[in-house]
Amino acid sequence: MGYKKIVEQKIKEFQIQEFIGTNLKQVGLSSSKLQMTPLGEKIVVNAARPGLIVGKKGQSIKRLTNQLKKKFNLENPQIEINEIENPNLDAQIIAERISTSMERFGSQRFKAIGHKVLEDVMNAGALGIEVVVSGKVPSARAKRWRFYQGYLKKSGDIAISGVRKAYSTAELKSGTVGIQVRIMPPIELPDRIKIRTPEETEQREAGKQEAKEEKHEEKKKTKKRAKKKESEKTAETKEEKTEVKEEAAEEKPE
């Protein structure tokens, strides 16, 4: 595939993601991805409430499939929906939730919305969360509000690979408000150090030694089984050869 086709494909994928994001609101949309298959195009949608995407008797998903087919000239689009196990740990879903709540209840309640989100995310097991709201809230003067709880990495490789980031906007009467969400899920951090007691160290070493011996025994058994099989096979071959020789000797004219 040439670079032009790759660029066209990426642009098409971005436009489809944008279209799905615009059309699928209030369903807890996390992400969507376009995959090319031998049968056509498969669009994978990750969401917290897949039932709302499917709709009554599958009407909503059929309508969305037809819209995608006509708008983007897809041959045979198939939509696959994956349910997000823990939506409170998904940064995109949280950003969309803040945006929807602010549009629904207004900018005056943005602090209550922010603190409620922090509580939900920390109760879900996250190590830390940061929410930044920028715009004309609660007054006509633009400000930047930061809600923070827990532990969040801001530098190093773990800040890129371990922290989930998402951005969203809320359309209010005072104007557009930007929302940034960063969540650190419950992961094993590289700088976490645990000091073991001498008893724990002995138990760990004993466990390692047992595992090593078990592995060694298993290897020996495997070798024995292989040797036994080989010897049986050799014996069978010898018997076959002997039978063939005897048959040839019987058939030989005197």
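This section describes helices, cores, a pocket and several individual residues in a predicted model.

Buried positions in H4 are Ala-91, Ile-93, Ile-94, Ala-95, Ile-98, Ser-99, Ser-101 and Met-102. These buried residues pack against strands S1, S4, S6 and S7, and against helix H5.

Helix H5 covers residues 110-123, 14 residues in total, and reaches 20 Å from its first C-alpha to its last, close to the 20 Å expected at 1.5 Å a residue. Its buried residues are Phe-110, Ile-113, Gly-114, Val-117, Leu-118, Asp-120 and Val-121. These lie on the same side of H5, because the arc they cover around the axis is only 165°. The partners against which they pack are helix H4 (91-105), strand S4 (128-135), strand S5 (143-150) and strand S7 (175-184). After H5 comes Gly-125, with a positive phi near 110°.

The largest nonpolar core contains 24 residues, and within it Ile-98, Met-102, Val-131, Val-181 and Ile-183 have the most contacts. Two or more residues of this core come from each of H4, H5, S4, S6 (164-172) and S7. Another core lies apart from it and has 17 residues, including Leu-24, Leu-34, Ile-53 and Phe-72.

Val-131 is a residue of strand S4, and it counts as buried because its relative accessibility is 1%, below the 20% cut-off. Leaving out residues up to four places away in sequence, Val-131 touches Ile-98, Leu-118, Trp-145, Arg-146, Phe-147, Gln-180 and Val-181. With neighbours within four places likewise set aside, Val-181 is in contact with Ala-91, Ile-94, Ala-95, Ile-98, Glu-130, Val-131, Arg-164, Lys-165 and Ala-166. For a sense of distance, Val-131 and Asp-191 are 60 residues apart along the chain, and their C-alpha atoms are separated by 24 Å.

Attention now turns to open space in the model. The largest pocket holds about 930 Å³. Its lining is made up of 34 residues, of which Gln-26, Ile-93, Glu-96, Arg-97 and Thr-100 are the closest to the centre. Helix H1 (3-23), strand S1 (29-37), H4, H5 and S6 each give two or more residues to this lining. H4 supplies the largest share, with 11 residues.

Strand S1 also includes Ser-32. Ser-32 counts as buried because its relative accessibility is 10%. Beyond its neighbours within four places in sequence, Ser-32 is in contact with Gln-17, Ile-20, Val-44 and Val-45. With a relative accessibility of 34%, Gln-149 counts as partly exposed. Its contacts, leaving aside neighbours within four places in sequence, are Leu-118, Glu-119, Met-122, Gly-128 and Ile-129.

Most residues other than glycine have a negative phi, and most peptide bonds are trans. Against that background, Lys-57 has a positive phi of about 55° without being a glycine. Lys-57 sits in the loop between helix H2 (50-54) and helix H3 (59-72), and it is exposed, with a relative accessible area of 74%. Asn-73, also not a glycine, has a positive phi of about 55°. The loop that holds Asn-73 runs between H3 and strand S3 (77-83), and at 65% relative accessibility Asn-73 counts as exposed. Finally, the peptide bond joining Val-137 and Pro-138 is cis, with omega about -10°. Pro-138 belongs to the loop between S4 and S5.

Notes:
Residues are numbered from 1 along each chain as its sequence is written. This is a predicted model: local features need pLDDT of at least 70, side-chain atom pairs count only at pLDDT 80 or more; totals for chains, interfaces and linings use all residues. Side-chain values use heavy atoms; hydrogens and water are left out. Helices (H or I, at least four residues) and strands (E, at least two) are DSSP runs, numbered from the N terminus. The expected span of a helix is 1.5 Å times one less than its number of residues. Buried means under 20% relative accessible area, exposed over 50%, partly exposed in between (1.4 Å probe, protein chains only). The arc is that of the directions from the helix axis to the C-beta atoms. Contact means heavy atoms within 4.5 Å. A nonpolar core is a set of buried Ala, Val, Leu, Ile, Met, Phe, Trp, Tyr and Cys residues joined through side-chain atoms within 4.5 Å. On a 1 Å grid over the protein atoms alone, a cavity is a set of points where a 1.4 Å probe fits but cannot get out, and a pocket is an open set with protein on both sides within 12 Å along at least five of seven lines; lining residues have an atom within 4 Å of a point. Grid points are joined across faces, edges and corners, and a volume is the space filled by probe spheres set on the points.
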